[in-house]
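Subject: Structure handover

Hello,

Here is the structure for you to look over. My notes on it follow below.

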Amino acid sequence: MTNERLQYLLDQQHTGNISELEAAELDSWYSQTEARENLTARLSENAASALEVRLLSRINHEIDNTENPVENLEPSKKLWEPARLYRIAAVFLGLLVVGAGLYIYDPFAAKQVSEVTKYGEIRTVLLPDGSEVILNGNSAITYAGDWKNDDTREVRLKGEAYFKVVHTSDNRKFSVSTDEHFSVDVLGTQFSVNSRESGTRVVLNEGKVQCNLGKEQGDALILKPGELIEFDTKPSKYIRKSVEADQYSAWKDRKLILKNTTLREISDMLTETYGLHITTENPDLLGREVSGSVPLDNVETLLEGLAEACDLNVRREGENVSFAPRKR
């Protein structure tokens with residue numbers, strides 16, 4: 001496993017957003033920890049903390065097993081192997097030592113700041129350089145609290161955000177990363193980034209940005225105002241097109257602008273931003289298109305508007321919402 005992948009998985013675990021597949025991948029790495037000491041050298045503070053907790057848990061588990069040994073086990077099946085346990089402990093202690101040097105190796109380690117929004121919440125965050133980030137619901141950013149000595153102003157994003165980046169006198173780069181394979185570099189501009197399970201999208205409102213498509217491709221894309229790129233999982237398989245940029249950032253003003261938008265796309269937004277679970281017994285309904293402007297102050301008002309626009313019966317019970325065609 002590469003250092004970047006380990007960093008990503010540990011950050012996901014630390015924030016409680018790790019998937020079952022990612023957890024299984026991390027468990028596999030833990031099972032071979034004693035052979036992976038060199039991969040901990042550049043972890044962020046959150047990632048190091050997550051790894052410390054997990055390794056300490058493993059050590060305690062092994063020690064607990066020694067207090068209740070099972071008799072007559074073959075040597076190869078003993079629950080506790082002292083040599084292996086000491087190696088794990090050595091890695092754990094080594095990690096603590098590495099932690100002392102994190103401020104040298106990782107710009108995120110110094111006074112790391114995290115901002116997280118709840119479902120349906122919109123919050124404005126002022127960054128250390130005066131740049132402004134508007135976070136949409138169910139989103140999070142992480143950044144170093146002090147950028148004075150950093151060459152790059154770096155922010156990590158999960159979810160959706162609108163960025164108003166200030167230009168610095170020394171032309172320092174501003175970078176937004178969504179994972180190890182995709183990031184956006186700017187100097188001074190306004191743009192939105194949406195990185196959810198359904199895919200990743202960047203829309204440029206003003207200025208110029210460079211979209212880095214990952215180390216494997218070694219490719220980069222320059223966007224002009226009014227351009228969009230989006231992809232599902234692989235940045236190299238992106239779609240690029242011209243759009244009305246304000247349509248994609250209207251949410252910051254608590255509006256939803258729809259232009260031939262499918263009910264499927266709206267359902268994804270309701271799930272990812274508001275935490276609603278959408279179901280229908282007629283999947284063809286999700287292909288219906290909607291155009292118009294809807295206020296986002298109240299989800300119930302939004303659902304009522306969709307019901308009228310798409311000729312639907314909409315039923316909500318808590319976080320569960322069902323769509324059905326209206327009977328004639």
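Which residue in strand 18 is the bridge partner of T279? The bridge partner of T279 is S322.

First, the ground rules. This is a predicted model, so local features need pLDDT of at least 70, side-chain atom pairs count only at pLDDT 80 or more, and totals for chains, interfaces and linings use all residues. Residues are numbered from 1 along each chain as its sequence is written, and side-chain values use heavy atoms, with hydrogens and water left out.

Strands

Helices (H or I, at least four residues) and strands (E, at least two) are DSSP runs, numbered from the N terminus. Two strands count as paired if DSSP finds at least two bridges between them.

Strand 18 covers residues 320-325 and pairs with strand 15 (residues 277-280). That pairing is parallel, over four bridges. Strand 18 also pairs with strand 17 (residues 312-317), here in the antiparallel sense over six bridges. L312 stands opposite P325 of strand 18. Strands 17 and 18 form a hairpin, with two residues between them. G318 sits in the turn and has a positive phi of about 65 degrees.

Salt bridges

The term means a side-chain nitrogen of Lys or Arg within 4 Å of a carboxyl oxygen of Asp or Glu. The whole structure has 15 of them.

D129 forms one with R153, and the closest N and O atoms are 2.5 Å apart. This pair links distant parts of the chain, 24 residues apart. D129 is in the loop between strand 2 (123-126) and strand 3 (132-135), and R153 is in strand 5 (residues 152-164). R153 counts as buried because its relative accessibility is 0%. The cut-offs are under 20% relative accessible area for buried, over 50% for exposed, and partly exposed in between (1.4 Å probe, protein chains only).

The side chains of E317 and R315 meet in a salt bridge at 2.7 Å, N to O. E317 is at 47% relative accessibility, so it counts as partly exposed. R315 is at 55%, so it counts as exposed. Elsewhere, salt bridges that share partners join E115, E121 and R123 into one network.

D253 and K252 also meet through their side chains, at 3.5 Å, N to O. K252 counts as partly exposed because its relative accessibility is 22%.

Cores

A nonpolar core is a set of buried Ala, Val, Leu, Ile, Met, Phe, Trp, Tyr and Cys residues joined through side-chain atoms within 4.5 Å. The largest one has 29 residues. L127, I141, F163, F174, F191 and C211 touch the most other members. Strand 5 gives the largest share of this core, four residues.

Contact means heavy atoms within 4.5 Å. Not counting residues up to four places away in sequence, L127 touches V133, I141, Y143, W147, V155 and F174. Another core, of 26 residues, lies apart from the largest one, with W251, I266, V290 and V294 among its members.

Two single residues

S267 lies in helix 7 (residues 263-274). Its relative accessible area is 8%, so S267 is buried. S267 touches I278, L286 and F323, again leaving out residues up to four places away in sequence.

G188 is in the loop between strand 7 (182-186) and strand 8 (190-196). G188 counts as partly exposed because its relative accessibility is 33%. G188 and H167 are 21 residues apart in sequence, yet 4.5 Å apart in space, C-alpha to C-alpha.

Best wishes
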